[in-house]
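This report concerns pockets, cavities, a surface patch and backbone features. The sequence and structure are shown first.

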Amino acid sequence: MSSSIPVPVDPPLPAPGPSSSSRWPYNFYNRFSAWRTSLDLPNPGTSENLTKEAKGTLLNNYLFDGARAELSKSLSMNPMFTVTHSFNLGSQTIPPSYGFGAMFANEQLFLHGNIDHEGNLSGRLNQGWNANNVTKLQAQLSGTPGQSVLQVEHDFSGSDYTLNAKAVNPSPSDLTGIYMGSYLQSLTKNLALGVEGILQRQTPDMSEIATAYLAKYTSTDKSWIATAQLQGAGILQATYWQKLSDKVDVAADLQVVAAPGRRDALATLAARYELRMASFRAQLDSTGKVSAFLEQKFAPTFSFLVSGEIDHFKNAAKVGVGVMIESSSMTPEEMGLVPPPGHLPMPMPQP
Amino acid sequence: MPSEETKERIIKAVDLARTVVHYGWIPFIIYVGYTRSNPQPSLIKLISPLA
């Protein structure tokens, strides 16, 4: 009899009916959660990753000047274990430096540390407890007192929402520090809205609360994403990201500060070409800066970077060149690059 | 609110923990990576940029 009725497969609707949950708060909660499950909303992602796509296209995080070299050596693939030596030279903004980094990652744990020649350490630890819970620790420790930063963070992702709690430099003795909490909820399959609260306690008797509002709209085929973040002090950041083809994507970013006494705006346009052996980014912003970044892979283990920026209004320019060399102590079999047995055996390259 | 003595103790403990993490974090990662890597790499390859 019931076989003629089409049964929805995707949202598992709990059978309504009299059960132990017939008293009103439970009844209401069960109906609410059943209704929520039936909407089948996607997880909106974390509030930190709200502008991830746009940030990956914009080249602000990739730009450098001077010369740099990075030698990374991967010692194991699963679990992943890599050590890195990096050298920076001739930059206008940062002094020459040498850094040693180590990274370890398996399915649950991610450890990263980087120490420079002056002894400044930056470290990161991510621990995933299960599919929904991730705890992140981030620290910047330096020899000079008062410059160290510790950040503790926990992410909880539900089926259609994400909760995040964060504490920056929490002090257990007088509870000073910066505390943040954010909640991002999918309202429809495309739209997610969120709110973020920030509590700043610089001294035990002085605290300041600020709120921020987040919005993210993802198109149905995920080919474009628009986000907006409104911070309490009149700061608005809006981004737009669109994938034009599998190799090209573009992003726009607008930051407006409309606080009393300070009015400012910055618009940025960027494009990224992701080719087989190269990736190229170009960016133009409203302060008259034109910049470009090229990463060219000459071999799977050797890539060459060029970065440049011209500030037309200030008549200044920055140029950077870099190399990234990856060496491996493993044979191709150990890295999983060799096709499975049955194919012709490859001669083992001697390191 | 904790007493002054407790506060001082907490501050001292935090300072100690910070020093331990500062000098111990990279060795800790290398130890974890070295012992759990498959296959286990040789130590000279780990430290030297040229080997």
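The sections below take these topics in turn.

## Basis of the model

This is a predicted model, in which local features need pLDDT of at least 70 and side-chain atom pairs count only at pLDDT 80 or more, while totals for chains, interfaces and linings use all residues. Residues are numbered from 1 along each chain as its sequence is written, chains are lettered from A and ligands numbered from 1 in the order in which they are written, and side-chain values use heavy atoms, without hydrogens and water.

## Largest pocket

The largest pocket holds about 840 Å³ of space. A pocket is an open set of points on a 1 Å grid over the protein atoms alone, with protein on both sides within 12 Å along at least five of seven lines; lining residues have an atom within 4 Å of a point. Of its 33 lining residues, L150(A), N169(A), P170(A), V14(B) and R18(B) are the closest to the centre.

α1(B) gives the most to this lining, with eight residues. By class, the lining of the largest pocket comprises 17 nonpolar, 11 polar and five charged residues. Here Ala, Val, Leu, Ile, Met, Phe, Trp, Tyr, Cys and Pro count as nonpolar, Asp, Glu, Lys and Arg as charged, and the others, Gly among them, as polar.

## Cavities

Two cavities of 30 Å³ or more are present; a cavity is a set of grid points where a 1.4 Å probe fits but cannot get out. Four nonpolar, three polar and two charged residues make up the lining of the second largest cavity.

## Surface patch

L163(A), Y183(A), V195(A), Y213(A), L230(A) and L236(A) form a nonpolar surface patch of about 480 Å². Patch residues have over 30% relative accessible area and no salt bridge, and nonpolar side chains are joined within 5 Å; a salt bridge is a side-chain nitrogen of Lys or Arg within 4 Å of a carboxyl oxygen of Asp or Glu. L163(A) lies in strand β8.

## Backbone features

N78(A) and P79(A) are joined by a cis peptide bond with omega of about 5°. P79(A) is placed in the loop between β1 and β2 of chain A.

N169(A), although not a glycine, has a positive phi of about 50°, and is found in the loop between β8 and β9 of chain A. N315(A) also has a positive phi, of about 60°, and lies in the loop between β18 and β19 of chain A. N315(A) counts as exposed because its relative accessible area is 72%, where exposed means over 50% with a 1.4 Å probe and protein chains only.

Methods:
Patches are made of residues with over 30% relative accessible area and no salt bridge: like charges are joined within 9 Å, nonpolar side chains (Val, Leu, Ile, Met, Phe, Trp, Tyr) within 5 Å. Accessible areas come from the Shrake-Rupley method with a 1.4 Å probe; for residues, only the protein chains shown count as cover. Helices (H or I, at least four residues) and strands (E, at least two) are DSSP runs, numbered from the N terminus. Grid points are joined across faces, edges and corners, and a volume is the space filled by probe spheres set on the points. Buried means under 20% relative accessible area, exposed over 50%, partly exposed in between (1.4 Å probe, protein chains only).
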